[in-house]
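Dear colleague,

I am passing on a structure that you have not worked with before. Please look through it with the notes below beside you.

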Amino acid sequence: MKKLSFVIPCYCSEKSIKKVVDDIIKTVENDGRYTYEIICVNDCSKDDTYSVLVNLAHNSKVKVLNMAKNFGQHSALMAGFNEVTGDIVVCLDDDGQNPPSEMFRLIDKLEEGYDLVSARYKEKKSTLFRKIGSKVSFFMSTHLVGMPKGIELNSYCVCQRFVIDEVVKYKNAYPFVHGLMLRATRNVANVYIDHQDRSYGQSGYTLKKLLGLWMNGFTAFSEKPLRLATYVGVVNIFIALLCSIILIIQFAMGILLNYSLFIAINVVLFLTGELMFFVGLLGEYIGRMYICINNAPQYVIKEKINIENKEEE
């Protein structure tokens with residue numbers, strides 16, 4: 001009998017995580033085809049999430065990792081991935097928007113021969129801010145990471161164990177899980193799933209966290225942003241030359257107008273700002289390389305429940 005490993009990053013979900021876990025257990029046991037384990041990773045929640053997880057862990061199939069500080073969703077996933085023992089790994093959120101009752105639509109699709117199957121939503125029940133964030137992440141995965149055309153990769157997904165075994169080989173401090181999965185396989189499919197309303201609270205993703213996630217994707221898997229700087233620079237050289245020629249002609253004809261000086265100043269300011277932007281982008285690459293060279297931790301686990309230390313196995 002195959003085993004399912006569920007990995008759930010948990011952040012400030014004290015009022016929703018119990019229902020998510022209960023729904024997983026009910027769905028899997030009613031199906032009867034698989035054994036299972038549920039790995040909940042508490043990403044240093046500010047509320048009482050950890051206490052709820054401790055109570056859930058009275059069921060030995062519910063395993064808990066407690067992070068020492070908030071490392072972010074993707075680092076929490078990596079922590080869970082390093083503890084899975086199942087043949088199929090299922091990733092889902094802690095807020096109830098990914099209905100566990102739909103999991104076998106994804107799993108059955110995976111069993112058709114795919115390596116990775118992700119939920120795809122006809123309509124996302126998220127704020128405009130999160131929808132924009134999802135669009136940016138989708139663009140990034142498609143154009144920078146190389147996601148197959150027509151495929152959408154979301155947080156509710158299932159994959160074969162070998163994909164996770166490849167993902168956990170990445171030890172650097174800035175994981176971008178979707179990119180790591182797509183490094184391992186392009187044999188990906190989608191299944192349409194209903195996206196539920198959030199059962200409690202609001203998303204833990206702030207603008208700062210989303211920007212950090214996007215920067216991980218930009219800098220960890222592609223040199224295209226740096227290549228873009230070269231292309232933009234070439235275009236700007238031609239624009240600057242064209243503006244210079246126009247100003248010289250106007251000056252020679254004695255029709256240099258006040259607005260011409262205004263345009264020249266704005267062009268200089270634009271080019272200067274653009275230059276600083278790409279210098280900053282280059283700095284992000286170099287800074288992240290420096291942090292990775294210094295072995296900054298991807299995550300730090302403070303406590304484990306129902307999980308044996310690998311040294312003891």
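The backbone oxygen of Glu 152 lies 2.6 Å from a polar atom of the side chain of Asn 190. Please bear in mind, here and in what follows, that this is a predicted model. When neighbours within four places in sequence are left aside, the residues in contact with Asn 190 are Ser 118, Ala 119, Arg 120, Gly 150, Ile 151 and Glu 152.

Turning to the nonpolar residues, the largest core holds 36 of them, and those that touch the most other members are Leu 4, Phe 6, Ile 8, Ile 24, Ile 38, Ile 107 and Tyr 156. Helix α1, residues 17–31, supplies the largest share of this core, namely six residues. Phe 6, if residues up to four places away in sequence are not counted, touches Ile 24, Val 28, Tyr 36, Glu 37, Ile 38, Ile 39, Val 90, Leu 92 and Met 103. Apart from this core there is another, of 31 residues, which includes Ala 76, Leu 77, Val 89 and Cys 157.

Helix α3, residues 73–81, is mostly covered, with eight of its nine residues buried. These buried residues are His 74, Ser 75, Ala 76, Leu 77, Met 78, Ala 79, Gly 80 and Phe 81, and among them Ala 76 and Leu 77 are also members of the core of 31 residues.

With best wishes

Terms used. Residues are numbered from 1 along each chain as its sequence is written. This is a predicted model: local features need pLDDT of at least 70, side-chain atom pairs count only at pLDDT 80 or more; totals for chains, interfaces and linings use all residues. Side-chain values use heavy atoms; hydrogens and water are left out. A nonpolar core is a set of buried Ala, Val, Leu, Ile, Met, Phe, Trp, Tyr and Cys residues joined through side-chain atoms within 4.5 Å. Buried means under 20% relative accessible area, exposed over 50%, partly exposed in between (1.4 Å probe, protein chains only). Helices (H or I, at least four residues) and strands (E, at least two) are DSSP runs, numbered from the N terminus. Contact means heavy atoms within 4.5 Å. A polar contact is a pair of N or O atoms within 3.5 Å; within protein, one must be able to donate a hydrogen and the other to accept it, and residues adjacent in sequence count only if both atoms are side-chain atoms.
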